[in-house]
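Here are some notes for a first look at this structure. Please read them with the model open.

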Amino acid sequence: MDDSKFPTLNQAPETIEETEQLVSFLEAQNTFSFPALENGLFPAAIAHESTGYQSIWVRDNIHVAHALNAVGKTEPACKAAVTLTNYFIKHRDRFDDIISGKYNATEVMKRPHIRFDGNTLGEIDEKWAHAQNDALGCYLWFYSLLLLQEKLTPTHDSMELLAAFVRYFEKIRYWEDADSGHWEEARKVEASSIGTVVSGLSTLKQYLDQSQNWDQLKFGKKQVSAEMVDDLIQQGQTTLSEILPAECIQADPLLARKYDGALLFLIYPLGLVQGEMAETIMEDVRTHLMGDYGIRRYLGDSYWCADYKDMLSEDDRTSDFSEDQASRDKLLKPGQEAQWCIFDSIMSVIYGQRFLQSDQSADYEKQRFHLERSLNQLTTEECRFGPYRCPESYFLEKGKYVPNDITPLLWTQGNLMIALHQWKQTVKARR
């Protein structure tokens, strides 16, 4: 990291003023630039056409919108949420056809699409791993959160959509449904997806209890009851109690996974997992997934493994490997997984929130440690994408860790922005 332009860039700022100066500096470098389409949706990355990341992902949009909302930038967050809602309303038949039994959820392309054309809100006619309950749960959580915060007002159509989400999760029995999850890979029953749906249903219930709008939650003419939502939440919680702190405990060794960075999202931003279980997950990530440059998604992750660009063409690098992951996994040499930049900032936020409650120096030091790692993940002058950019990950290229082609990634930007916002709260509390 070239720190000559900003003396404290390699370390966490010591004061509120220094924190604000750092944020202002990074904003001036466009580190926190979130260019949106006219309708408010965000591409996953500031576009490099060859990566395919100019499409719209539901999950990425929710994480970016949440970050903006968390730091007080409500308008762009709400605009993205409203447009995502309009997208799902436009394609309501995806939910209805599975709920009615016209199509089976095992037909992945018949499920609601979680990646689409943001300009037209049209679906992309390309085979994709659309079985992603985490993305749907994430949308339900954030839209319900904005309703709960009274930053959005529901419409008749949006309430019917929320009812369709509930009935859809009931129909597919989400607590035992094998999906492709956060990383869009081989389908399995995974805690990070189940937990995201539980969070979505729980936040929806909280909103409906507060607003007393249960009578508006109708699918067709049929009321969706509080008892149904409660039962669905309990089904998910029961399964989570069996799986956590692992991600997947299926017998198939190709699916079973003890450690996964996606579990962090159940702690923050979702707030579902707390206490000792949260501590176990955090320590598992620190012990088993943390590398020198970032944090691995999971052990054995072949996406952007060493010399990835030499082994796969541009078109193949971000292809759908959900049904043929073994072919990509053959490219990985043990210990040479990509190290991602979306996790350290999330861990910093979690430890920061804990510090505000505990006032324990250990939580403070871990918050600082992971924030400084996040700052050191910013690109340097030598990077072909320019300095002060937030990469998706660092991968081994000819023996050296460098940012991968998905630089900058808006999700990484959003997480770093929240981490600095949380750090400011910590500095203020320690004065």
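Which helices are included in what covers the buried residues of H1? The points below start there. Keep in mind that this is a predicted model.

1. Helix H1 and its cover. Helix H15 (361-376) and helix H16 (410-430) are included in what covers the buried residues of H1. Those buried residues are Ile16, Thr19, Leu22, Phe25 and Leu26. H1 runs over residues 16-28. Its 13 residues should span 18 Å at 1.5 Å a residue, and the end C-alpha atoms are 18 Å apart, so the two values agree. Asn30 follows H1 and has a positive phi, near 65°.

2. Helix H14. This helix covers residues 344-358. At 1.5 Å a residue, its 15 residues should span 21 Å; the end C-alpha atoms are 20 Å apart, which agrees. Buried in H14 are Asp344, Ser345, Ile346, Met347, Ser348, Val349, Ile350, Tyr351, Gly352 and Phe355. These buried residues pack against helix H9 (264-267), helix H10 (275-289), H15 and H16. Just after H14 comes Asp359, with a positive phi of about 60°.

3. H4 against H6. Two packed helices are described by the angle between their axes and the distance between the axes. Helix H4 (residues 93-100) packs on helix H6 (residues 156-171) at an angle of about 40°, and the axes are 9 Å apart. The two helices are therefore oblique to each other. The crossing of H4 past H6 is left-handed. From H4, the residues in contact are Phe95, Ile98 and Ile99; from H6 they are Leu161, Ala164, Phe165, Arg167, Tyr168 and Lys171. Seven residues of this contact are nonpolar, two are charged and none is polar.

4. H5 against H6. Helix H5 (residues 133-148) also packs with H6, at an angle of about 140° and with axes 11 Å apart. H5 passes H6 in a left-handed crossing. On the H5 side are Asn133, Leu136, Gly137, Tyr139, Leu140, Tyr143 and Leu147. They meet Ser158, Leu161, Leu162, Phe165, Tyr168 and Phe169 of H6. By class, this contact has 10 nonpolar residues, three polar and no charged.

5. Pro245. Which residue does a cis peptide bond join to Pro245? The partner is Leu244, and omega is about 10°. Pro245 sits in the loop between helix H8 (226-243) and H9. Its relative accessible area is 29%, so Pro245 is partly exposed. Pro245 and Met277 are 32 residues apart in sequence, yet their C-alpha atoms are 6.6 Å apart in space. Leaving out residues up to four places away in sequence, Pro245 touches Lys258, Leu263, Met277, Thr280, Ile281 and Asp284.

6. Pro269. The peptide bond from Tyr268 to Pro269 is cis too, with omega near 15°. Pro269 lies in the loop between H9 and H10.

7. Tyr388: buried or exposed? Its relative accessibility is 2%, so Tyr388 counts as buried. Tyr388 is in the loop between H15 and strand S7 (393-397). Its phi is positive, about 65°, although Tyr388 is not a glycine.

8. Lys398. Phi is positive here as well, near 55°, in a residue other than glycine. Lys398 is placed in the loop between S7 and strand S8 (400-403). With 65% relative accessibility, Lys398 counts as exposed.

Note on methods
Residues numbered from 1 in each chain as written. Predicted model: local features only at pLDDT ≥ 70, side-chain atom pairs only at ≥ 80, totals over all residues. Heavy atoms only, no water. Helix = DSSP H or I, 4+ residues; strand = E, 2+ residues; numbered from the N terminus. Expected span 1.5 Å × (residues − 1). Buried < 20%, exposed > 50% of the residue type's maximum accessible area, 1.4 Å probe, protein only. Contact = heavy atoms within 4.5 Å. Axes fitted to C-alpha atoms, helices over the stretch in contact; angles between N-to-C directions. Parallel < 35°, antiparallel > 145°, perpendicular 65-115°, else oblique. Left-handed = near helix turned anticlockwise from the far one by under 90°. Nonpolar A, V, L, I, M, F, W, Y, C, P; charged D, E, K, R; others polar.
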